[in-house]
Amino acid sequence: MNKSSKAVSDSAFNKFIYKPEFSTLIILIIMLIITAILQKNFFEAKSIVRNINAFTPLILLTMGQAVVIISGGLDLSAGTTLSLLTCVLTFVMEKGEPVTGVYAIIIAFAVAVLVGVINGIGIGYLRVPPLIATFATSFIWLGAALFLRPTPGGESVEWFKMFYNIDGVKNAPHFLKTFGTIVPPGLILVILGCVFWFVISKTKTGRYIYAVGSNNDSAYVSGINTAKIQMTACIINSLFVFLAALFFVGQNQSGDARMGGPLILKAIAATVVGGIALTGGKGSVYFALVGALILSFVSKIIFFSNVPNAYQTLVSGLIVIIAIAGTQVYAPYNKRAMINERQII
Amino acid sequence: MIILETIGIKKCFGGVVAVSNGNLKCQKGKITGLLGANGSGKSTSSKIISGVYSADAGEIIFNGKSVKYKNPNEARKAGIAMVFQNLSLVGDLTVWQNIVLGVEDKKGLFLNNEISKEKSKAIVDQLLPGLDINKKVYELNSGEMQIVEIAKAILEEPKLLILDEPTAALELAQVKSLFSYMRILAKKGVAMIFTSHRLWEVMEICDDVIIFRNGENVASIDFNKDGKDPKKIVSYITGEAQKLKVEKNHNEITEETILSIKSLNYGKFLKDVTFKLKKGEILGIGGLTGQGQLELMLALAGNYPDVRCDAEINGKKIKLNKLANAISNGILLVPGDKQREGLFLNHSVFTNIIFPKLGLKHQPLFIPYKKYRKECEQVVDALSIKTSSMDTPVSSLSGGNQQKVVVGKWLSFDTNVLLLADPAKGVDVGAKIELYQHIINQVKEKKMSVILYASDNEELIEYCDRLMIMYEGKIVATLEGDDINDDTIIATSMRIR
C-alpha cells in the first residue's frame with residue numbers, strides 16, 4: 001500500500017469513528033456481550049428465534065418512527081395505531097373462513113394509510129406541532145380500537161400464524177415450514193421493512209424527507225411540496241406499524257386495544273439511541289433498527305440478571321438513560337474532531 | 001428587449017406595508033442593480049417576482065405575458081430563478097444534492113445520481129473550482145454556501161436570474177469570479193437583477209440601477225446614459241444629502257494599556273497572537289476572510305474553553321476560558337450574525353436590552369422593571385434606536401436598528417473592551433454610517449476601547465486607529481496612521497509585501 005492510498009483509508013476510517021453511528025454500534029456490541037454472558041443459551045437457534053420474535057414489533061415501530069422524525073415530525077400515535085390495526089384485523093376475520101384473512105389484510109392496510117393521511121394532514125397541512133397533533137390523534141385511534149374491541153380477544157384465521165411461526169400453520173406446504181424454521185417470519189418482516197425503505201430512499205421522496213426535516217423553509221423555496229412530504233412520511237410510518245400489527249396478530253391470534261400504547265415512547269427513545277436527531281434531517285433508518293436492538297437487549301439484561309422485580313423498572317430506566325447519554329456524550333468530542341478537519345466561519 | 005416588467009406591485013405583511021408601488025423593468029442580457037436601505041422593499045419585490053410571496057395588487061409581465069406564480073417552483077419552471085439571501089440550502093444534504101434539489105434527474109422511478117453529480121460538478125467547476133461536491137453543506141463556510149446557492153439557481157438555465165445580496169458572504173476573489181460568470185450569462189442573454197449593499201459592486205457590474213425607498217422605486221439610472229455618480233445614488237437611497245465620513249478622533253487615546261494579550265493559541269486557528277490595546281483606542285483586525293479574525297474575537301470573549309494565553313486587563317491577570325469571566329471583566333462581544341447570535345428576535349426591545357443583566361450576580365429576586373425600563377429608555381435614546389416603543393418585537397426593526405439593540409445590551413455595563421465582529425454585516429449604507437457614529441460617540445463618552453473586525457476594508461480604514469492584519473491565524477502586520485489605506489491593506493493581507 002503506497003502512502004497516498006493509506007492516507008485516504010485512514011481518513012475514511014477516522015470519518016467513520018467520528019460519526020455518531022460508531023458509538024451506537026459500540027453500545028450494541030457491549031449490550032450483546034452482556035446479554036450473551038447472562039443468557040446461557042444465547043447462541044442456540046431456538047433462543048435466537050425467540051429473541052428475534054421478541055424484538056420484532058419494537059424494531060418495526062422504531063423504523064417507522066425514524067422516518068417521521070427524519071422528516072421533522074414525531075408520531076406519538078403509532079402505539080395506538082398498532083392497537084387499532086390489531087383490532088381491525090381480528091374484527092374482520094372469522095376463524096372458520098380462511099378468505100376473511102385476505103379481507104382483513106386489505107382493510108387494515110387501508111386503515112393504516114388513512115391513519116397516515118390524517119396524521120399527515122395535521123402535521124403537514126394544518127401545521128399543528130407534531131407532538132400535539134399526534135397526541136390528539138392517538139386518542140382517536142385508541143377510541144376507535146376500544147369501540148371495535150372493548151376487551152382483548154377476537155378471532156383470527158389459522159394461516160395468520162405464518163406471520164409469527166410458519167410451523168404453527170397446520171396445512172402449510174412443507175418447503176415453507178422448512179424455510180420458516182431457518183428464517184423466522186419476524187426477521188422476514190424486518191427485512192421487508194428494510195427493503196421497503198431502501199426503495200423509498202432511492203427515490204425523490206426519500207431525498208425530500210431528509211431535505212424537509214433538515215430545513216423546511218429551504219426545501220419549500222426549492223420547490224418541494226413540504227406538506228405532502230410530511231404526509232408521505234406519516235404514511236410510511238403507518239405501513240411499518242401495519243407490518244408490526246400482522247406480526248402481533250400472528251403471535252396472539254387476538255386483538256387488544258391497550259397493547260400498543262406503552263410501546264411508543266420506547267420506540268421514540270430507540271430512534272434517539274439509534275443516532276437520529278429529534279430535530280429532524282439527520283440519521284439513518286437502518287440505525288434506528290440498531291437503536292431498537294439496544295433497547296430490547298436492556299429488557300433482556302434486566303430479565304436475566306436477577307434484579308428483584310420491584311427494581312426492574314427503575315433499573316431499566318437507568319440503563320436507557322446511560323445508553324442515550326453514551327451516544328450523546330460522544331457528540332461534543334466528535335464535533336471537536338470535525339472542527340479540526342474544516343475551517344469554520 | 002424588455003423581458004420583465006412589474007407595474008404597481010403592492011404587498012403588506014399584517015399592517016406593515018413592505019412594497020407600496022414597485023415598478024421595475026429588466027432587459028434581456030442586461031444586469032439591473034436593485035438598491036435601497038434595509039426594509040425598503042427590494043427583497044420583498046424580488047420575492048414576489050420569484051413566486052415566494054404573491055402580490056396584493058399590481059401586475060407582473062414576463063416575456064410579454066401577465067403572470068402570477070403561486071410558488072417558487074412555478075416561477076422556476078417558467079424561467080425565473082432566485083438566489084436567496086437567507087440561504088435556501090439544506091444543511092444535511094451534500095453540495096450536489098442541494099444543487100439539484102427539486103429538479104432531480106430520474107431513471108424511471110429512481111433517482112439518477114450520476115447525471116445529477118455530473119451536472120452539478122460542471123457548474124461548480126466554473127464558479128469555484130476545487131469545491132468538493134460530496135461535502136455536506138453544513139460543513140461549508142458561508143462564502144462556499146453562497147456559491148452553491150448560485151449554482152443551484154443557474155442549473156436550469158433561467159431567463160431571469162435574481163441575485164439577492166449574493167456577495168455579502170463572499171471575499172474579493174470570489175466576487176470577481178462571480179462577476180465574470182455573470183458577464184458570461186449576460187452575453188448568453190440572461191437578464192439579471194442584482195442587489196448589494198456595496199456600492200462599488202453595483203457600479204462595476206450593473207448596466208442600470210433601480211433605487212427603492214420606503215417601498216417605492218424613487219429613481220432608475222441608466223449608467224450608459226446618465227453616468228455613474230455614487231453620491232447621487234446614496235442620496236436617493238437615504239433620501240437626504242449624506243455625509244459620508246465620521247470624524248476620526250486620535251486625541252483621546254491614552255498611553256495606558258487596558259488589555260494585553262500574550263501568545264494566544266487556539267487549535268489551528270490562532271497562533272501566538274500577541275498585542276496590546278490602549279485605552280480609548282479603536283483597534284482594527286483585517287485581512288482576507290477566514291484567517292482567524294472571528295476566532296480571535298470569540299476567543300477574547302471567552303467562547304473557547306481550551307484557549308491558551310496570558311491575558312491582562314488593567315494590569316490584572318485574567319483567564320479567557322469562560323464567557324462569564326470576559327463579561328465580568330468588561331470584555332463584551334457584539335456578534336456580526338445578530339439574528340442568530342445576538343438577539344431574541346421574537347422578544348421586545350426591552351427584553352433584549354435588559355437580558356444580560358438578569359445573569360449578573362446579586363440580582364434582586366424579582367426583576368425591578370421600573371428601574372430597568374428607565375435604563376432601557378436611556379439606551380434607546382443614546383443610540384437613537386428607531387422603534388415605535390420598547391415593547392416592539394426586535395424582528396420588526398430594520399437591520400441597522402437591530403444591531404443597535406445588540407450594542408445597547410452592553411451599554412449599561414462597565415465596558416473595558418468592546419469587541420465588534422463585523423457589526424455592519426447586512427446593514428445598508430445610511431444605517432451603517434449612523435450605527436458607527438453612535439458606537440463611536442459611546443466609545444468617547446465612556447472611554448472604552450474597541451476591537452473592530454470588519455469584512456469590508458472601507459470600514460476599517462474609516463474608523464481604526466491601528467490595524468492588525470491576520471493571515472492563517474497569525475498577526476502578520478500592524479498598520480498605523482497613513483499606512484491604513486486600501487492598497488497597503490490588500491498588499492499585506494495577500495502577503496504581497
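Mentor: Before we dig in, here's one term: two strands pair if DSSP finds at least two bridges between them. Keep in mind, too, that this model is predicted.

Trainee: Okay, so which strands stand at the edges of the open sheet in chain B, each with a single partner strand?

Mentor: Follow the order of the 6 strands in this open, mixed sheet of chain B: S18-S19-S20-S15-S21-S22. A strand at an edge has a single partner, so one side of it is left without a neighbour in the sheet. That puts two strands of chain B at the edges: S18 (331-334) and S22 (474-480).

Trainee: In what sense do S18(B) and S19(B) pair?

Mentor: Strands of a sheet can pair through backbone hydrogen bonds in either of two ways, parallel or antiparallel. Here, B:Leu332 stands opposite B:Leu418 in S19(B). Over 4 bridges, S18(B) and S19 (residues 417-421) of chain B pair in a sense that is parallel.

Trainee: What angle does helix H10 of chain B make with S19(B)?

Mentor: Look for H10 (residues 293-300) of chain B lying across S15, S18, S19, S20 and S21 of chain B. Against S19(B), H10 of chain B runs at about 145°.

Trainee: How many charged residues are in the contact of H4(A) with H11(A)?

Mentor: Among the residues that meet are A:Leu82, A:Leu85 and A:Leu89 in H4(A), and A:Val241, A:Phe242 and A:Phe248 in H11(A). The contact divides into 10 nonpolar and 5 polar residues, while the charged count is none.

Trainee: Which helix gives the most to the side of chain A that touches chain B?

Mentor: 20 residues of chain A are in contact with 27 residues of chain B. Helices H9 (204-214) and H10 (216-221) of chain A each supply at least two residues of that side. The one that gives the most, with 5 residues, is H9(A).

Trainee: And how far apart are the centres of the two domains of chain B?

Mentor: Chain B is divided into domain 1 (2-238) and domain 2 (257-493). They do touch, with 12 residues of domain 1 of chain B in contact with 12 of domain 2. Taken over C-alpha atoms, the separation of their centres is 32 Å.

Terms used: Residues are numbered from 1 along each chain as its sequence is written. Chains are lettered from A and ligands numbered from 1 in the order in which they are written. This is a predicted model: local features need pLDDT of at least 70, side-chain atom pairs count only at pLDDT 80 or more; totals for chains, interfaces and linings use all residues. Two residues are in contact if their C-beta atoms, placed from the backbone, lie within 7 Å. Ala, Val, Leu, Ile, Met, Phe, Trp, Tyr, Cys and Pro count as nonpolar, Asp, Glu, Lys and Arg as charged, and the others, Gly among them, as polar. Domain bounds come from an automatic or database domain assignment. Axes are lines fitted to C-alpha atoms, for helices over the stretch in contact, and angles run from 0 to 180 degrees between N-to-C directions.
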